[in-house]
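Visitor: I am new to this structure and would like to be shown around. Could we take a few questions in turn?

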Amino acid sequence: MKTLAVLWACGICLRLTVLAIPPVIPMLHESLALTQAQVGALASLPVLLLSFAAIPGAFLIARFGAARVMVGGIVLAGLAGALRGASYDASTLFAATFVMGIGIAVMQPAFPSIVREWFPERIGLATAVYSNGLLVGEALSASLSLPLVLPMVGGNWRWSLVAWSAPVFAIALVAWTYARAHERKAAAPPVRGGSWWPDWRSPLTWRLGFIAGGSSSLYFAANAFLPDYLRHLDRADLIGPALSALNWVQIPASFALLAFQRHLMMRRWPLVATGVLATIAMIGLAIGTAPWIVFWAGIIGFCTALILILSLALPPMLVEAPHVARISAAVFAIGYLCAVVMPVIGGLAWDVTGAPWTAFAPAGVFGPVVAILAWGLRLQRRK
């Protein structure tokens, strides 16, 4: 139980510092004179790095071991996240954000390998646990910055970023202490070495990558376009409820997997069903009346969280231990690249056609893609 608690806390570090920025964006505008384009780039930079730096993360895991890379990534993310508070212009803010994104990107592929090493018989449960931590980390920093953290630091956005890094350092210390104790007690040493470069010729790599990409594309496209879409419908009052539904309903999905992981993990039908349901929800988002948009946003949040967690659990279940990091890195590289590209295509579609609903169409295509790719998965657990 203690091991699961440590893993859950480490999962929080995957998003805690990233989502501390959106609540203080108005203050950044005033303090650093950021343009809207710079704000958009600031939001996209960590996601882009999650794609591009994932494969170097696999190399570090092969060289130093998953636990060490995870702890090192947590420390780097916490340090750079705090240093954002010392930014004196846009360039220094972007530099600190870049380093923070690197830390998160290299530690993320370590989690599936750690799950395989620490919980070889409970991979589904452990994946659901750290994924729940990831989702809780998103919700905490996004929702508590304005009502709690900023008042604690006198309304200073710089100190609020430092404050969100403080628990990250504490978690890194606990994780490092526990990882060293685990290494001494383990019957076999942690997996190191082996191939780290992804096998791009493997159909499984691309199949899992696009399944994860479907989840990320649907989630980030909905986050990107819901506010302006609701303004277009003259329902700006629903922006808060819709975004809250999209983000908070992800957490019940992780609890559902915690409760029923034996019935949902290593099964095709949950991925197929959520792919179909996500398609229906995106159509409902595009053509539904305003009050229903909040409902459909919640359905999208639930589906994307379920797809994400299920896809994260598959690499440690389907491949041998020495190859978990490299296939996980490839899945993150493909998935998060889709998450960057699809909203851009959606924005271009809205600009060209003048029809707001077209912004959701490119990402919406991924709903049936997830269902089709999941239907063809060969699910055979590797010992």
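Visitor: Which helices do the buried residues of helix 17 pack against?

Guide: The model is a predicted one. Helix 17 covers residues 366-375, and its buried residues are Phe-366, Gly-367, Val-370, Ala-371, Leu-373 and Ala-374. These buried residues pack against helix 10 (203-232), helix 13 (268-287), helix 14 (290-318), helix 15 (324-353) and helix 16 (361-364).

Visitor: What is Leu-28 in contact with, leaving aside its neighbours within four places in sequence?

Guide: Leu-28 is one of the residues with the most contacts inside the largest nonpolar core. With those neighbours left aside, its contacts are Ile-21, Ala-33, Leu-34, Leu-42, Leu-93 and Trp-157. Another core, of 29 residues, lies apart from the largest one and includes Leu-226, Ala-242, Trp-296 and Ala-297.

Visitor: Is Leu-337 buried or partly exposed?

Guide: Leu-337 lies in helix 15. With Phe-52, Val-341 and Ile-345, Leu-337 forms a nonpolar patch on the surface, about 330 Å² of accessible area together. Helix 15 supplies the largest share of this patch, three residues. Buried would require under 20% relative accessible area; Leu-337 has 35%, so it is partly exposed.

Notes:
Residues numbered from 1 in each chain as written. Predicted model: local features only at pLDDT ≥ 70, side-chain atom pairs only at ≥ 80, totals over all residues. Heavy atoms only, no water. Buried < 20%, exposed > 50% of the residue type's maximum accessible area, 1.4 Å probe, protein only. Helix = DSSP H or I, 4+ residues; strand = E, 2+ residues; numbered from the N terminus. Contact = heavy atoms within 4.5 Å. Patch = residues over 30% accessible without salt bridge, like charges linked within 9 Å, V, L, I, M, F, W, Y side chains within 5 Å. Areas by Shrake-Rupley, 256 points an atom, 1.4 Å probe, with all protein chains shown as cover. Salt bridge = Lys/Arg side-chain N within 4 Å of Asp/Glu carboxyl O. Core = buried A, V, L, I, M, F, W, Y, C linked by side-chain atoms within 4.5 Å.
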